[in-house]
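Dear colleague,

Please find below the structure that I am handing over to you.

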Amino acid sequence: MRDPASYLCVCPAGTTGVGTLCEPCPIGTYKDKLGNVACETCEAVVTGSTTVLISNSTLATSEVQCVCETGYFKHPADDESPTEGLPYCAKMDSLKVPEGVDSTKAGVNVTNLPVLPSFWRTTQTSTDVRHCFSPEACLGGPDPEQSCAEGHMGAYCGVCKEGYSAVGNSLSGMTCVECTGDSSSTVKMGVGFVALLLIAFGVAVHCKRRRGAASSTADALAEANNDLKAMLAKKKQLEKKRKAADKFLNNVQTPFKIILSYVQIVSGFSFNFSIRFPPVFSSVMSVFAFANLDFVSLTPMGCVVPITYHHQLLGYTILPLVAFTALLALYKVLSARASRGGSNESRDQVFNTFLVLTFFVLPTTSTKILNTFACDEFDDGTRWLKGDLSIDCDSATHKFFEFYAAGMILVFPVGIPAMYFALLYKSKGLLDRGQAKLVNTKMVKLVEQIKEETGAVDKEEVGDEEKEVLLVSNVCDYITDQGEIEEAVKKGDIILEDQWLSSLKDEHKTLLEFVAKESNVDRIFWHFREGREAALGVEVTLSEEGAKLEALRRRAADEEEHSKLGRMKFLYQAYEPKCWWFEVFETLRRLLLTGGQ
């Protein structure tokens, strides 16, 4: 190209002179003006950049064409710049969440950062890319203002616009649904369903009382008619049914606690520890939202009345306290009646209900309390509450609720485990009668045969089977003092049998097999007592299993004698006597896993 002023040949922009020719600027350089000057390196503009996008038909005529290669993006100048004051090409891996950006594109800079769906950043100049709590709410793209799904806005696209209400939870994902007539009807149906459940519960309690009254009347009539035999038979039958019901409740109590704890722990993992579960698993677990008392998330309640995290915090703390106070007040009233000769059963049931309620609400309420302090801080200097991204953690209102939550920590995550420990520690002498000390000690078990005309039959577990044997537990005597045993032998009260096996009846053989499974049998004998049939005696050296069973028997006997044990069985029933404290440990473990961040 000829310069009109000098009539000399000069190279246009994007080329440089090589001999008598003008050649395109080499890759990694550019020239933005006319003249026979050298091309300038891109390193002087953006450290680590190149002109890799330039093809043979396109010349590098501007510094704008100095771009970063695939897997890198143009980062503004900062303290980490290789060349002071210059922007530089940074690896995609340097992002907080590198998987949130499409790293297959070249020529990427901060403003056109290709954020993928399910990810979000604060501003168009931000490099702080984060995974959204609700992936469907984040559409991706370089502009955060345009990256949220319909009805969503704010941090993580986790705030619902006006006219929309949040539905869902941290496990299944939160969705903003439009407030229409259908959504309002859904809320009303949900409230109505809860009301029906409460009414049904009230009716059931009323009917139970009526049946109890009818039963009392029947017993009174039987007694009035002097039908003593029928009354005793009825009483025995009812006692048997009561024992069967107690056994059933004891059997289902432990699985219930395990399943409830599992659901409460897992349902909070996604939010508390940023764990992403498979969609199918999340959908199944979201069905059990009731385990965390998360009824608000099931319906678009925000369409009827605005509900924030602060409102939920008040509800999750005040309502349980009201219920606790009512139950304890009722317990005091029933205790006063029991002291005047009334029944202890109703009083103990109320206290047991109180303990069950504390167990049920503790993880959820504690999570709500502790998450009041869980704020996410962003690169633009803002801090938003993770549990409700519409709440500014630096606002005066939230500071007040942080003070309120600090007080509730003393009541729930600290107070309830402390109460459990105090109750158990106070009764530890009755809960564990020395299980560890019973191992390898000698004991004699005496069992009398029931007369067949009574028709009474007990069931003893033998292996995986149940066999009916003519034995009854309430006439069993236990002799633990070895001197007492030897004295009985001298007096002739105990007669040792060398050939005892031939004289045993089938029911006694069943007993022997059962005892042999739990302990080491030393000798078998007959025990004669005045006015009573001979009892089969089994002298054993207790193994660990035998010591456990003996400790359980002693604890059961103490429950009959001391009502204070019976009313707190929920705390220790699932554990061996020597582990009377384990419910406290289990409670702290649940709090650790569900207590938020």
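Which residue takes a positive phi in the hairpin of E1 and E2? Gly19 does, with a phi near 70°, in a hairpin that has two residues between the strands.

Before the details, a note on conventions. This is a predicted model, in which local features need pLDDT of at least 70 and side-chain atom pairs count only at pLDDT 80 or more, while totals for chains, interfaces and linings use all residues. Residues are numbered from 1 along each chain as its sequence is written, and side-chain values use heavy atoms, with hydrogens and water left out.

The hairpin

Helices (H or I, at least four residues) and strands (E, at least two) are DSSP runs, numbered from the N terminus. Strand E1 covers residues 15-18 and strand E2 residues 21-24; they pair in the antiparallel sense over four bridges, where pairing requires that DSSP finds at least two bridges between two strands. Within this arrangement, Thr15 stands opposite Pro24 in E2.

The nonpolar cores

A nonpolar core is a set of buried Ala, Val, Leu, Ile, Met, Phe, Trp, Tyr and Cys residues joined through side-chain atoms within 4.5 Å. Buried means under 20% relative accessible area, exposed over 50%, and partly exposed in between (1.4 Å probe, protein chains only). The largest core has 32 residues, and those touching the most other members are Leu355, Phe412, Tyr420, Leu424, Leu431, Met568 and Leu571. Several helices each supply at least two residues of this core, among them H4 (309-339), H5 (345-370) and H16 (582-594). Helix H5 gives the most, with eight residues. A second, separate core of 13 residues includes Phe73, Val101, Leu113 and Phe119.

Leaving aside neighbours within four places in sequence, the contacts (heavy atoms within 4.5 Å) of Leu424 include Leu431, Met568, Leu571 and Trp580.

Aromatic rings

Rings of Phe, Tyr and Trp (its six-membered ring) pair if their centres lie within 6.5 Å; planes under 30 degrees apart count as stacked, over 60 as edge-to-face and the rest as tilted. The whole structure holds 16 aromatic pairs. In one of them, Phe359 and Phe570 are edge-to-face, 5.3 Å centre to centre with 80° between the planes. Because Phe359 lies in helix H5 and Phe570 in helix H15, this pair ties together parts that are 211 residues apart in sequence. Phe359 counts as buried at 2% relative accessibility, as does Phe570 at 5%.

Elsewhere, ring pairs link Phe324, Tyr331, Phe351, Phe354 and Phe412 into a cluster.

Disulfides

A disulfide is identified here as a pair of cysteine sulfur atoms within 2.5 Å. The structure contains nine. One of them joins Cys42 to Cys66, with an S to S distance of 2.0 Å; the link is left-handed, with -70° about the S-S bond. Both Cys42 and Cys66 are buried.

Cys68 and Cys89 form another disulfide, with their sulfur atoms 2.0 Å apart. Their link is left-handed at -90°. This pair connects the loop between E4 and E5, where Cys68 lies, to Cys89 in strand E6 (residues 88-91), 21 residues apart.

Yours sincerely
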